[in-house]
Amino acid sequence: MAYHILIVDDSMTTRAMIKRTLAMAEIPVAQIHEAANGRIGLEKLGKHKIDLVLADLHMPEMGGVEMTRRILSQETTRHVPVVVISAEPSEARLAELKQLGARACISKPFTPEAIRNTLNEVMGVKHV
Amino acid sequence: MSNPLGQQVASAFGHALETMAFISPEPIELVSEPPRDAVIVQLDFTGGAMAGIDLLVDRTFGHVIAANIMGEEDLGFAGADVLLELINVTAGTFLRQSQCGSTEMNVPRIAPFAAGEWTSFISAGHTSFFDANGNTVAVRVRGEK
């Protein structure tokens, strides 16, 4: 199965790195959508089929925490897994996110192996 | 560079650059002058013992990293963005490794660096120097509060 993935991060560098790493991890991708903040991410989620959201935390206008909260509070989107990809150093804060409903947290800098292992676990399939 | 904090931030920087852009920075001795077209990239901390970390690099180094990441020549707009992300990742790694998870990271910023400030830059804080694919990089953890 190939995934429709939404990458939400205000850094174009990070969005490019995630796309590159998804390819290196041989994750099957049907389409990638990008958003520079949580507000745009929610708009894209409302307009497109999305199987997985990869989200940063600290973004202008709307950060990852608020975006995740809204995704999980809406009937039409709460089934979409959210994986946080962040430089956030606090284990306590990351634990709070998982309590909020994020399926997993990946620390930056991330490797293809970390992406692959996490997505295998979250999406429930093995790609390699 | 013998200070533990300096070593930790240097290690965090190396790890970030290698993982993000497949560039392995080599430690070098103190350099006598800053890069020619230098920019200073800074990220402040809140709530911890340290004030923040800084990177001092040639502006063009951002384009080099961007090209490595994006697999094509940087069109000119990604250089600053990549340096901001590099310090963001370096700071997060540094705080995790030094077990300062309660310290908060502020939004990073970038600005031109005046050569006249070089002496005061290298004398304030714990500074490490690297050669990264021919580019000189200074990495500093700024003052214990």
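Reader: Which residues lie nearest the centre of the largest pocket?
Author: This is a predicted model, in which local features need pLDDT of at least 70, side-chain atom pairs count only at pLDDT 80 or more, and totals for chains, interfaces and linings use all residues. Residues are numbered from 1 along each chain as its sequence is written, chains are lettered from A and ligands numbered from 1 in the order in which they are written, and side-chain values use heavy atoms, with hydrogens and water left out. A pocket is an open set of points on a 1 Å grid over the protein atoms alone, where a 1.4 Å probe fits, with protein on both sides within 12 Å along at least five of seven lines; lining residues have an atom within 4 Å of a point. The largest pocket has 18 lining residues, and nearest its centre are D10(A), H58(A), N88(B), V107(B) and P108(B).

Reader: Which element gives the largest share of the lining of the largest pocket?
Author: The pocket has a volume of about 370 Å³ (the space filled by probe spheres set on grid points joined across faces, edges and corners). Its lining divides into seven nonpolar, five polar and six charged residues (nonpolar being Ala, Val, Leu, Ile, Met, Phe, Trp, Tyr, Cys and Pro, charged Asp, Glu, Lys and Arg, and polar the others, Gly among them). Helices are DSSP runs of H or I with at least four residues, numbered from the N terminus. The largest share, four residues, comes from helix 3 (residues 79-97) of chain B.

Reader: Which helix gives the most to the lining of the second largest pocket?
Author: The second largest pocket has a volume of about 220 Å³. Among its 13 lining residues, L57(A), H58(A), V65(A), E88(A) and R93(A) lie nearest the centre. By class, the lining has five nonpolar, three polar and five charged residues. With four residues, the element that gives the most is helix 4 of chain A.

Reader: What is the volume of the largest cavity?
Author: A cavity is a set of grid points where the 1.4 Å probe fits but cannot get out, and the structure holds one of 30 Å³ or more. The largest cavity is lined by M17(A), R20(A), K108(A), P109(A), F110(A), T19(B), M20(B) and V89(B). Its lining comprises five nonpolar, one polar and two charged residues. The volume of the largest cavity is about 40 Å³.

Reader: Is helix 1 of chain A roughly parallel or roughly perpendicular to helix 3 of chain B?
Author: M12(A), T13(A), T14(A) and M17(A) in helix 1 of chain A meet D81(B), V82(B) and E85(B) in helix 3 of chain B (contact meaning heavy atoms within 4.5 Å). Axes are lines fitted to C-alpha atoms, for helices over the stretch in contact, and angles run from 0 to 180 degrees between N-to-C directions. Here the angle is about 80°, with the axes 8 Å apart. Angles under 35 degrees count as roughly parallel, over 145 as roughly antiparallel, 65 to 115 as roughly perpendicular and the rest as oblique, so helix 1 of chain A is to helix 3 of chain B roughly perpendicular.

Reader: Why is helix 1 of chain B classed as oblique to helix 3 of chain B?
Author: Residues of helix 1 of chain B that meet helix 3 of chain B include L5(B), F13(B) and M20(B). The contact has ten nonpolar, six polar and one charged residue. The two axes come within 8 Å and cross at roughly 130°. That angle makes helix 1 of chain B, relative to helix 3 of chain B, oblique.

Reader: At what angle do helix 2 and helix 3 of chain B pack?
Author: G62(B), H63(B), I65(B), A66(B) and I69(B) in helix 2 of chain B meet G79(B), V82(B), L83(B) and L86(B) in helix 3 of chain B. This contact has six nonpolar, three polar and no charged residues. The axes are 8 Å apart, and the angle is about 85°.

Notes. Helix = DSSP H or I, 4+ residues; strand = E, 2+ residues; numbered from the N terminus.
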